[in-house]
Amino acid sequence: MASPNKQQKRAQRAKAKAKQNRSGKAKANVVHPLLANPLVNEPFDDVEIDLSTFDFKDIEEHGFDPAHFDDLFQAMKVGEDISLLAMCLVFLQYPVLELVVAEESQESAIDFMMGLLIVYRGIFHDEDEEAAVNWVGGDAFQKAYNEASMILEKKNARGASSARV
């Protein structure tokens, strides 16, 4: 069972969403239709991730245990069942990934992202590393990834501007 604080936050979100739906303004605030889906928009809100214990240097030195990223992989699979774009949106919203991109070098962040994507493809598509790298480098993935990046930039820009009001 969720903590009382988390339950209160969920109730507040549900109340705000219900009010938004009643007023008919929900669609006006959506940057992209996929973000109307709670499985795609901020899919890790209810997942407890302790970023203070995340040690990127240890991952760089020893690699990562895929089991530690099961919540990401499961959410990506749900997104991929919707569309490749939805999977990319889910992937790019993962808090650990956001932390790595913000705090590590671009090369290290890209290596980490590639590692996650390769493991994901291995788990859910039974692909070897070469096939997974080819998939990531393919036109379909690149287009979806770039579009997801742009959608999240717009979403975050809107969130920042409405927070200042």
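These legends walk through close-up views of a predicted model.

View 1. The protein has 8 helices and 0 strands, and reading along the sequence gives the pattern α-α-α-α-α-α-α-α. Of its 165 residues, 32% count as buried. Among contacts between residues at least 6 apart in sequence, 71% join residues at least 24 apart. The protein exposes about 10500 Å², with carbon and sulfur atoms supplying 52% of that area.

**View 2. Ring pairs tie a set of aromatic residues into a cluster.** Searching the whole structure turns up 12 aromatic pairs. One of them brings together F64 and F69: the ring centres are 5.1 Å apart and the planes meet at 75°, over the 60 degrees needed, so this pair is edge-to-face. F69 has 4% relative accessibility and therefore counts as buried. Both F64 and F69 belong to the cluster, whose other members are F44, F54, F56, Y94 and F112.

View 3. How exposed or buried are the two partners, Y120 and F124? Y120 is buried, with a relative accessible area of 0%, whereas F124, at 25% relative accessibility, counts as partly exposed.

**View 4. R121 lies over the face of W135.** Take a look at the arginine and the ring here: R121 is placed at 4.0 Å from the ring centre of W135.

Technical notes: Residues are numbered from 1 along each chain as its sequence is written. This is a predicted model: local features need pLDDT of at least 70, side-chain atom pairs count only at pLDDT 80 or more; totals for chains, interfaces and linings use all residues. Side-chain values use heavy atoms; hydrogens and water are left out. Rings of Phe, Tyr and Trp (its six-membered ring) pair if their centres lie within 6.5 Å; planes under 30 degrees apart count as stacked, over 60 as edge-to-face and the rest as tilted. Buried means under 20% relative accessible area, exposed over 50%, partly exposed in between (1.4 Å probe, protein chains only). A charge sits over a ring if NZ of Lys or CZ of Arg is within 6 Å of the ring centre and within 35 degrees of the ring normal. Helices (H or I, at least four residues) and strands (E, at least two) are DSSP runs, numbered from the N terminus. Contact means heavy atoms within 4.5 Å. Accessible areas come from the Shrake-Rupley method with a 1.4 Å probe; for residues, only the protein chains shown count as cover.
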